[in-house]
Amino acid sequence: MARTLAEKVWDAHVVRRGTDGVPDLLYIDLHLVHEVTSPQAFDGLRLAGRRVRRPDLTLATEDHNTPTLDIDLPIADPTSRTQIETLRRNAEEFGIRLHSLGDADQGIVHQVGPQLGLTMPGLTVVCGDSHTSTHGAFGALAFGIGTSEVEHVLATQTLPLQPFKTMAITVDGTLPHGATAKDIILAIIAKIGTGGGQGYVLEYRGEAIRSLSMEARMTICNMSIEAGARAGMIAPDETTFAYLKGRPHAPEGADWDAAVEYWQTLRTDDDAVFDAEVVLDAADIEPFVTWGTNPGQGLPLSGRVPNPAEIGDDNQRVAAERALEYMGLTPGTPLRDIAVDTVFIGSCTNGRIEDLRQVAKVFQGRRKADSVRVLVVPSSARVRLQAEAEGLDRIFTDFGAEWRNAGCSMCLGMNPDQLAPGERAASTSNRNFEGRQGKGGRTHLVSPLVAAATAVRGTLSSVGDLGIEDAPDGSPLTTTVSA
Amino acid sequence: MEKFTQHTGVGVPLRRSNVDTDQIIPAVYLKRVTRTGFEDGLFSAWRNDPAFVLNQAPYATGSVLVAGPDFGTGSSREHAVWALKDYGFKAVLSSRFADIFRGNSGKQGLLAAQLAQEDIELIWKILETTPGTEVTVDLVNKQVRCADVTVPLQVDDYTRWRLMEGLDDIGLTLQHEGDIAEFEEHRASWRPRTLPAKHLPKVEVKAARAAGVPVEIGRPLPQN
Ligand code: SF4
């Protein structure tokens, strides 16, 4: 029978088929762990006298709470320090590999899996974090789980799961200049809504998706959760294989050949049927920004702050009114006139080397606007080292930006990197919820290119506003192939 | 998980609807790293009020919470279930539960049983006229008994079976350990393992400093 990509990966992991409302039991290939959602799971194991079944399929890293300055000093915030010390103790006690602060492979959990070559096509990947959907960029079935489920995977390496529905999101055509993967996903969310993907695994397809680098594919899959979906996937292809080849944990020799042969079968059969389908044309996608307090409240940068009075749907009108009040915005204001205090470049959505290279191309030879502070936070220590090897750090600091150590940082402000009440940010992260980046902080979600241009002008801007057609070195701004 | 067939304990009438998980346990308690000891956070905002039902002597030792409709709405935090359990509750009765709360309860061995709203009202009256009255929750016969009243309770068959067998999800899955081991035997060798760790050559990661503070090279990093 014809099957979709998601169904193929699912079927390959069924340990036991459920019947009569009993869920399927699925095998988990890779379990990623971080300090915030794991302590009670380990505690539960201890209470029940259980062990971790497969420490060799488990990997932990420190990211949510870690400081991005002075990482060689003790962590100042006692609750953060306790969570991190707890993870270190648990990793030691249960024999789990942990990448701690100061290690080159410490960083955001969704960067560390791919960069080590652990995230591969056809795997099931879970983590106690909703943005686990990121790993779907490799053609893995990857989703976030709750703490009880973390404990369940630790103890059994499986999860009982009810099947998902499937949705195809096809993006045809070519992106215009200055638009990126981030703009694609923001446009998708604005189109289908923050609940549009509920109950679905999304599969991104089409020419515009195929031509994206792995970094850009990760950006798209990352935000599947903002569309309400449990997971997002992209079928693996030559781009995927090229990214993986030679990474520390990538298969080698005969294993590599066997893997690639299998991976090539991982795509939706031509006559397979999705439960839902959405089509977009990449040529219509402009640099996108959010104006409200959920990721679906977004518009092309050329637009104006919407007028809630013109919104027909009652719920959406009330939500828009409340959002504009929180955001301190007046209907009708051109989005380009909105001045920001902070530009945050980082997170598991857009803190990868390709993002940093794009930003550096805009920053090069320019200075930041006096009124903004600019934070550049790599998604992992390895990304930081790579950027430094390429000299990007000098470009950032010459521009007037702060160049930090790796972690989640201002994406959720669990560490000291927070917005002050009323402060406004252009942020390359994924959530613009009230207070997400600090109590009372106001967030506009943007692509790295928009963030960079905004840092130059001080108001929400695209690279087109700077008159940039291509980078100073002549290479195109939006790279489409992984380095 | 302990087996749950029948439980008898003091009933606590909580005459409120829409008790959300923030009211059951506020977010400040979520920073903890342990799984036990959440009883102090249970209904923490209301516990300062001497009139609150749990602050009245006959109810303080209660183990069956009789709540208004839409109990457990809001965030998905499992801490809400932990707090109720740690306080000593074995069952919560309501005419309607939030889905996620009900799911989390089942995972943790707390019975979330659905009763008709008029039966809840009936039990509330008994518990309020005679504080300290015990309520029997009988999962075998799907009944709740209180004084001379016997009313039916609803719970889905799968959850009921798991509670009566004392099987948490993990216990249940481990019954199929043979299937898991069998699956593992056929796992392709290219599928990744995190151990033994494979690394790129070791490199030093410099600590970033606040803007304006020079980066000092060579300071030792904390040991993992
Ligand atoms: S960077 Fe943000 S979204 Fe990503 S894992 Fe960290 S906190 Fe979550």
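How many residue pairs are in polar contact across the interface of chain B and chain A? In this predicted model, the rule finds 33, counting pairs with both residues at pLDDT 80 or more.

The elements that give two or more residues to the side touching chain A are helices H4 (79-87), H5 (99-108), H8 (169-174) and H9 (177-185) of chain B. The largest share comes from H9(B), with 6 residues. Sorted by class, the chain B side has 25 nonpolar, 12 polar and 18 charged residues.

On the charged part: the count between the two chains is 11 salt bridges. One of them joins the side chains of A:Arg16 and B:Asp179, at 3.3 Å from N to O.

Now the extent. In terms of contact, 55 residues of chain B touch 76 residues of chain A. Between them the chains bury about 5,500 Å², and 58% of that is on carbon and sulfur atoms. Within chain B, the residues that lose the most area to chain A are B:Val33, B:Trp190 and B:Thr194, which together make up 14% of what that side buries.

One more item, in chain A. Among the buried ones are charged side chains as you can read from their names, A:Glu354, A:Asp355 and A:Lys361, along with A:Ile353, A:Leu356 and A:Phe363. Just after H13(A) comes A:Gly365, with a positive phi of about 80°.

Technical notes:
Residues numbered from 1 in each chain as written. Chains lettered and ligands numbered in written order. Predicted model: local features only at pLDDT ≥ 70, side-chain atom pairs only at ≥ 80, totals over all residues. Heavy atoms only, no water. Contact = heavy atoms within 4.5 Å. Buried area = accessible area lost by both parts, 1.4 Å probe. Salt bridge = Lys/Arg side-chain N within 4 Å of Asp/Glu carboxyl O. Polar contact = N/O pair within 3.5 Å; in protein donor to acceptor, adjacent residues only side chain to side chain. Helix = DSSP H or I, 4+ residues; strand = E, 2+ residues; numbered from the N terminus. Buried < 20%, exposed > 50% of the residue type's maximum accessible area, 1.4 Å probe, protein only.
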